[in-house]
Amino acid sequence: MKSRFNLRPLLTPSSGPGTAFFWGLLLMTASASTSLGQTSGKYMTRTGYANFVADGIIKDDVAAKTNTVTAVLDPNTGQVQVRIPINSFVFRKALMQEHFNENYLQSHQFPFANFKGQVADWDASMMQKSGIQKIKFIGKLEIHGISKDVVEPGTMELSGGQIRMATDLMITVADYGIKIPTLVRDKIAKEAAVHVEVHLKPSGQ
Amino acid sequence: MAPKKSYWIVIPLLIAGLGWYGVQQWNKAPESLANTPASQVLEAQQLLNEFQNKTDQSNQLYLNRVIQISGTCLRSESQGDSVHYVYLGENGDILCQLESKQGPLPQKGDAIQCKGICTGYDDLTGGVSMNRCILTPKN
């Protein structure tokens, strides 16, 4: 079957100013899409929210929050990546923040907590549904340089061209090689309750 | 006998004083960076270029440190009343979360100087983020 449009004259690298313009345009388009890199066509944010609470038997306000969580979602495949700068967690107590960064999480050595995975059973129709959808995140969670396979429940909601994703999970601190000194073991819980919430926009917005 | 008796007053007072000091230190809130000197002062775009080209070396120099950058504001935004961001760099790749709102947020094209803690380079987005930032007058 013959195409309605004859592309051959455009695709043949012959001489002439029109053809040179076409090839130039093609090259420019190719380099622009390369420089957009891995986030092109995806939904992303750099201003997501995360908090955790890890109060032990003795309540001492062991809790912190951050508003600089990065997350990227590929709407074609459901692949998700989340990155939390450890040093961005803000505590109410300065010394607690210092110990968290220097002694427990060693943020100079392991600056980010990472999740790389997938929304389970992802299909394109999920990008059309209204209301809160229950989802599952499956992937690898890396904290303090130690990576673990995780399956965590979450929610997803489309609203005003954005995608809101959230999850609540419990993290056993010992699983990630985080050592709590005996002196403060009653103040810090063995499991931290973590909440992550991101509002993803099409990249470039 | 009189000096010995005074020990019984001075020692408990010292212990109580030390205890009070310890509790005060433990409960102290994180201080503003307003009076903390920056360990490095550089252009915003230079910071980004260094992280992109020499990530390990840049981590040594800037990560978790108070640094001061200057550049042109690409945009600013707020989340509610207490969370404010300023984006610097040619493509807004440097994200500064402000410690608090210090007057009106800078607008696109404003030349600004920002001091904060560098929380690192994120190769997922190719950007650098800083937090607890304060905007300082441009010299």
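Which residues have the most contacts inside the largest nonpolar core?

## Largest core

They are A:Val69, A:Ala71, A:Leu73, A:Val82, A:Ile84 and A:Leu200, in a core of 40 residues. This is a predicted model: local features need pLDDT of at least 70, side-chain atom pairs count only at pLDDT 80 or more, and totals for chains, interfaces and linings use all residues. Residues are numbered from 1 along each chain as its sequence is written, while chains are lettered from A and ligands numbered from 1 in the order in which they are written.

A nonpolar core here is a set of buried Ala, Val, Leu, Ile, Met, Phe, Trp, Tyr and Cys residues joined through C-beta atoms within 7 Å. Buried means that 20 or more other C-beta atoms lie within 10 Å of the residue's own, with C-beta atoms placed from the backbone. β9(A) supplies the largest share of this core, 6 residues. Strands are DSSP runs of E, at least two residues, numbered from the N terminus.

## Second core

A separate core of 26 residues includes B:Tyr87, B:Cys118, B:Tyr121 and B:Val128.

## Chain B against chain A

Chain B puts 24 residues in contact with 26 residues of chain A. Contact means C-beta atoms, placed from the backbone, within 7 Å. On the chain B side, β5(B) gives the most, with 4 residues.

## Domains of chain B

Chain B splits into domain 1 (1–30) and domain 2 (33–136). These bounds come from an automatic or database domain assignment. The two domain centres, taken over C-alpha atoms, are 43 Å apart.

Conventions: Two residues are in contact if their C-beta atoms, placed from the backbone, lie within 7 Å. A residue is buried if 20 or more other C-beta atoms lie within 10 Å of its own, exposed if 12 or fewer, and partly exposed in between; C-beta atoms are placed from the backbone.
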